[in-house]
Amino acid sequence: MIYYNNELIYPKLCAVLELPAQRFVYPIFKNASSSLEELSVGKVYNNKINDRTQTVDVYWREASTRFHSGVNTYLRFNPLLEPKTLIHLIERGELVNRHFMPQYMWLCHLYKHYTGVINILDVNNLDISVHKNQSGYIREYCVAPEHWIDLDNLIFDRFSGETTVIEEINEYIESQSRVLYNKCIAQG
C-alpha cells in the first residue's frame, strides 16, 4: 500500500475539465494539465461529475519521464529545502507529492467522485501545444520507487487507447502482478 497524507496530496475539490465539443478531461499534474486547463470552457466538481459526464478522458504519460519532470518541479517550488535530502526521501517513497506520485493515485482520487467510464489516452497524442517543463534542476539523479513506475507502466501498456473503469484496472493489476497489487492497491 502506498501511504501518504491525503490532505497534502489531493486538492480539496476533484475537478474534471470541460473542453469544447462536450469533452471532459481529468487533469493529472505533469500530463499537460496546465495546457488542458487553458483550453477548458468550464469545470465540473466532485459529485456533479457523475451528473454531467458520460466518459472522462485521462491523459497518461510514460511513468519515469513524468516522475523526473515532477521531481524537477517539486524541487524548483521548494528552493529553501535541501535537494539531496528531498531526493533521498523521494527515492525511499517517504515523500509523496502530486507532481510525481503515481498516476494511479490520481485515478483513485477521481473515482472517489466519479464511478463512470474513462478513456486512457497517451499524452504524446495530444493535438495541442503543451507546456514543456524541461528543467535541468536535478543535479543528482533521482531513482523513482520501482513499484510506482511499474504500476503506472502496467496500466499504460494495457489500457492506453482503451475505455475502461477502475475496477477493471485493479483486477488486471491483481491478475498480472499480485506483489504489485498488494504493495500499491490492496487495503491492509
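Let's start with Tyr-26, whose bridge partner in strand E4 is Val-58. Keep in mind, everyone, that this is a predicted model. That bridge belongs to the pairing of strand E2, residues 23–26, with strand E4, residues 55–60, which run in the parallel sense and share two bridges.

Now zoom out to the sheet. How many strands form it, and in what order? There are six, arranged E3-E1-E2-E4-E5-E6, and the sheet is open with mixed pairing. At the edges you'll find strand E3 (42–45) and strand E6 (162–164); each has a single partner strand, so one side of each has no neighbour in the sheet. On average, neighbouring strands are turned by 35 degrees against each other, ignoring direction.

And which helix packs on this sheet, touching E1, E2, E4 and E5? That's helix H6, residues 103–110, and its direction makes about 165 degrees with that of E4.

Next, a pair of helices. The axes of H4 (residues 63–77) and H5 (residues 83–91) come within 11 Å and cross at roughly 140 degrees. That angle makes H4 oblique to H5, and the crossing is right-handed. Who meets whom? From H4 we have Phe-67, Val-71, Tyr-74 and Leu-75, and from H5 we have Pro-83, Leu-86, Ile-87 and Ile-90. By class, that contact has eight nonpolar residues, with no polar and no charged ones.

His-88 and Val-143 are 55 residues apart in sequence, yet their C-alpha atoms are 9.0 Å apart in space.

Thanks, all!

Technical notes. Residues are numbered from 1 along each chain as its sequence is written. This is a predicted model: local features need pLDDT of at least 70, side-chain atom pairs count only at pLDDT 80 or more; totals for chains, interfaces and linings use all residues. Side-chain values use heavy atoms; hydrogens and water are left out. Axes are lines fitted to C-alpha atoms, for helices over the stretch in contact, and angles run from 0 to 180 degrees between N-to-C directions. Helices (H or I, at least four residues) and strands (E, at least two) are DSSP runs, numbered from the N terminus. Angles under 35 degrees count as roughly parallel, over 145 as roughly antiparallel, 65 to 115 as roughly perpendicular and the rest as oblique. A crossing is left-handed if the near helix is turned anticlockwise from the far one by less than a right angle, and right-handed if clockwise. Contact means heavy atoms within 4.5 Å. Ala, Val, Leu, Ile, Met, Phe, Trp, Tyr, Cys and Pro count as nonpolar, Asp, Glu, Lys and Arg as charged, and the others, Gly among them, as polar. Two strands pair if DSSP finds at least two bridges between them.
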